[in-house]
Amino acid sequence: PTTIYLKDYTPFGYIVDSVHLTFDLAPHATRVKSRISFRPNPEATDTTFFLHGENLRLIRASIDGAEVTPEVTGGGLFAAAPAAPFVWEAEVEIDPANNTALEGLYMSNGMYCTQCEAEGFRKITYYPDRPDVMSTFTVRINGDLPVLLSNGNPTGSGEGWAEWTDPWPKPAYLFALVAGDLLAHSDSYITRSGREVALNLWVRPGDEGKCAFGMEALKKSMKWDEDVYGREYDLDVFNIVAVDDFNMGAMENKGLNIFNSAAVLASPETSTDANFERIEAIIAHEYFHNWTGNRITCRDWFQLCLKEGLTVFRDAQFTSDVRSAPVERIRDVIDLRARQFPEDNGPLSHPVRPESFQEINNFYTATVYEKGAEVIGMLKRLVGDDGYAKALDLYFDRHDGQACTIEDWLKVFEDATGRDLGQFQRWYSQAGTPRIKVEEAWADGTYTLTLSQSTPPTPGQPQKHPQVIPVAVGLLGPNGDEVRPTEILELTEARQSFTFQGLAAKPVPSILRGFSAPVILDQDSTPAQRAFLLAHDTDPFNRWEAGRSLASDTLLKMVTQDAAPDADYLDGLLAVLRDDGLDPAYRALMLDLPSQSELAAMLHDRGVTPDPMAIWTAVETLRQATAQHMQDVLPRLHSQSQVDGPYSPDAEQSGKRALGSAALALISRQDGGAQAASEYARADNMTLQLSALSCLLKAGKGETELAAYYDQWRDDRLVMDKWFGLQVALASPDRTPQIARQLTQHADFNWKNPNRFRALMGSLAMNHAGFHHESGASYALLADWLIRLDPVNPQTTARMCSAFQTWKRYDAGRQAMIRAQLERIASAPDLSRDTTEMISRILG
Ligand code: B3K
Ligand code: ZN
């Protein structure tokens, strides 16, 4: 496979002025006619006329009306182009019904739909399929289906046809087409300048009852982007379509967002509070792309974080505004540590802006998205809220309609604020998670914090340079009062000291408040100091973090020294749980423990080879001790989940249910699941139903309930995904491979559906001790299925390979078994470019 490099970028030799497409839809033989106006690009030196194209049957092609015979290669075609403006016309035939890779034009339950990002448009017709080629599109769809949709505004329709015109120039990756027997949940929105926008959420008949929440989330997002970023919507209509077969969450196609049905359909009976919250965030995310991604797009795919990091940052701001800011921040950090840290500290590590790739779809990663968003958060912290607002205004002003780079992005911050961002740029080019070591000194009323930074080597980057790291610090006095409010220390050197004068007593520092930078803090504090912060820290994030680090400390000691659960942790936690002044959602997060995989990483960092079973046992023991220690408060905490009035997925109710569920989980450890069984019987929403079922499965019970659940929900695909996922995720380690294997034989294991495949295989990879079963059976099972899925759907296969990315942490026996599976996958005949690249990077 060929490697593409950032340094090799050159502009395309031609500018596209307009694109006209006509689709004659047929499941196995859709005809696509294109008429495209090109003219030479004065800024380009290479005038090769190469159009991308894959899996296309070329029927005819012409330039300015004269038939041409292009030289067709695997990846596209070459033709002789005039040195003056010309019109290219072509007709191709494609086979959407056999497109199981779900990229390009494909079919899902009789409905036609598209996915073009990153390089899928080339599977629809011959085109310069690169993001820096932007054009207006007019699309005519001929097809015998009631609903025919494309980007932009509707400009004509009749029996069996519709025409759409998108006035905003866009790259081909934002093209979309949908055709099917769909129903609309409709509404409208008046923009702040008074224009009315028609809003539709299109679903398959039967799903109409699951649209209301998504529509409300859309309207909230539209309003928020006007209020906070001054960005107004720019078409007469905004369509969202739900599709069952989709490789990711959703796609921001201009004016026609396409969603995985799991990321948009919701009802209280079928969706959990967590589902509602995720849906709200994804709707916001895709909508926000209209400005950050669509109006201003990326010059090339190396710049992906330009739109993704920024849009994730914006959707997180939105969630903090409409829900609880501390809770959102804590959840984002949990997620970053669970998904981005393993990537950044293993064989798949790459910079936020990668410098090379073989298959770009492999770089839609937690690093590009989530670390990309963290980088913007740091930028905002460094330039301040006003500086950030000015820079963003300048960005929209200066770059509207353009395809940009990270250099353009940083330049608007430099120009708007006068700050030199030369060193900051390293956040985009240097991979790996920086470690910060903390040393303290105290003498004569002066407190000195010395911070040292270092980043371990990552593939292709043996040597790291110091980065600029905003470290938010506050100081607490011995009685728990805050003696210095939060200030940002700018760590720019490898080692740097910061002094605080005029203090009456040695303070306790609260470092990295709000998780002000995506780093690993290495601080030798005692359990007593952490317990002090857990009791007194005024920064809600760091207060939570204090509890979290007490929990990891005790778990690590339990694993390595056979220690008993730490009393400071249990007492501190109890005090927090008793504090009714604290948000229930926040208290629920306090009860959460670091994941077993995270603990394995911590052990590995400390030079200890992690034993998955020992970690599992320590977690179980600590949970049991927690249940015991909290026993008096649990019934009261649990009673909170019974809220007054009708179900609402809002922050307040869902926080109460989260705390109630966490309490029920501990209660189940005491009563063997008796109360959970009765909760299951009377649950009237999916959140409570699933939390009760989880408790039962954890207690080794729930057989009757699983069967009842199946009978109740067998016809609802999204609810059945949970049924598959939960059984594997909560299986005890010894039974995990067997349970997972049995479920793959279930008649409803429709493995070609990405949601169902991920529900089962993703849960297997997440069940740490079960996945790392000493027999190696889970590794083999996953490998079997990856080999089977690869020819059908390379993207979903390649993504799932990351389950193996942490393999070098484990003992020699497990490493040998995983290596054997990776090599077995690598040697499968005709392995896709996607999976080939992933496996070879993981093998290192
Ligand atoms: N931009 C899309 C992701 C496309 C992934 C292509 N493999 C969704 C999003 O980030 O909003
Ligand atoms: Zn995005």
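Let me begin with the C-terminal part of the chain, where UniProt, in an unreviewed entry, places the feature "domain: Peptidase M1 alanyl aminopeptidase C-terminal" at residues 528–843. What we are looking at is a predicted model, and in this model the span 528–843 is 71% helix and 0% strand, with its end C-alpha atoms 42 Å apart. The other UniProt feature I want to mention, again from an unreviewed entry, is "domain: Aminopeptidase N-like N-terminal", listed for residues 102–174. Over residues 102–174 the chain is 0% helix and 52% strand, and there the end C-alpha atoms lie 15 Å apart.

Turning to the domain assignment, the protein is divided into domain 1, covering 4–266, domain 2, covering 298–429, domain 3, covering 435–522, and domain 4, covering 714–844. Domain 2 and domain 4 have C-alpha centres that are 30 Å apart, and between them nine residues of domain 2 are in contact with 12 residues of domain 4. If we ask how the side of domain 2 that touches domain 4 is made up by class, there are three nonpolar, four polar and two charged residues.

Finally, I would like to describe one helix pair. Helix 8, residues 527–536, packs against helix 9, residues 540–561, at an angle of about 150 degrees, and their axes are 8 Å apart. The crossing in which helix 8 passes helix 9 is left-handed. On the side of helix 8, the contact is made by Pro-527, Arg-530, Ala-531, Leu-533 and Leu-534, while helix 9 brings Asn-542, Arg-543, Ala-546, Gly-547, Ser-549, Leu-550 and Asp-553. Taken by class, the residues of this contact between helix 8 and helix 9 divide into six nonpolar, three polar and three charged.

Key:
Residues are numbered from 1 along each chain as its sequence is written. Chains are lettered from A and ligands numbered from 1 in the order in which they are written. This is a predicted model: local features need pLDDT of at least 70, side-chain atom pairs count only at pLDDT 80 or more; totals for chains, interfaces and linings use all residues. Axes are lines fitted to C-alpha atoms, for helices over the stretch in contact, and angles run from 0 to 180 degrees between N-to-C directions. Helices (H or I, at least four residues) and strands (E, at least two) are DSSP runs, numbered from the N terminus. A crossing is left-handed if the near helix is turned anticlockwise from the far one by less than a right angle, and right-handed if clockwise. Two residues are in contact if their C-beta atoms, placed from the backbone, lie within 7 Å. Ala, Val, Leu, Ile, Met, Phe, Trp, Tyr, Cys and Pro count as nonpolar, Asp, Glu, Lys and Arg as charged, and the others, Gly among them, as polar. Domain bounds come from an automatic or database domain assignment. UniProt positions are given in the numbering used here, feature names are shortened, and annotations may be inferred rather than shown by experiment.
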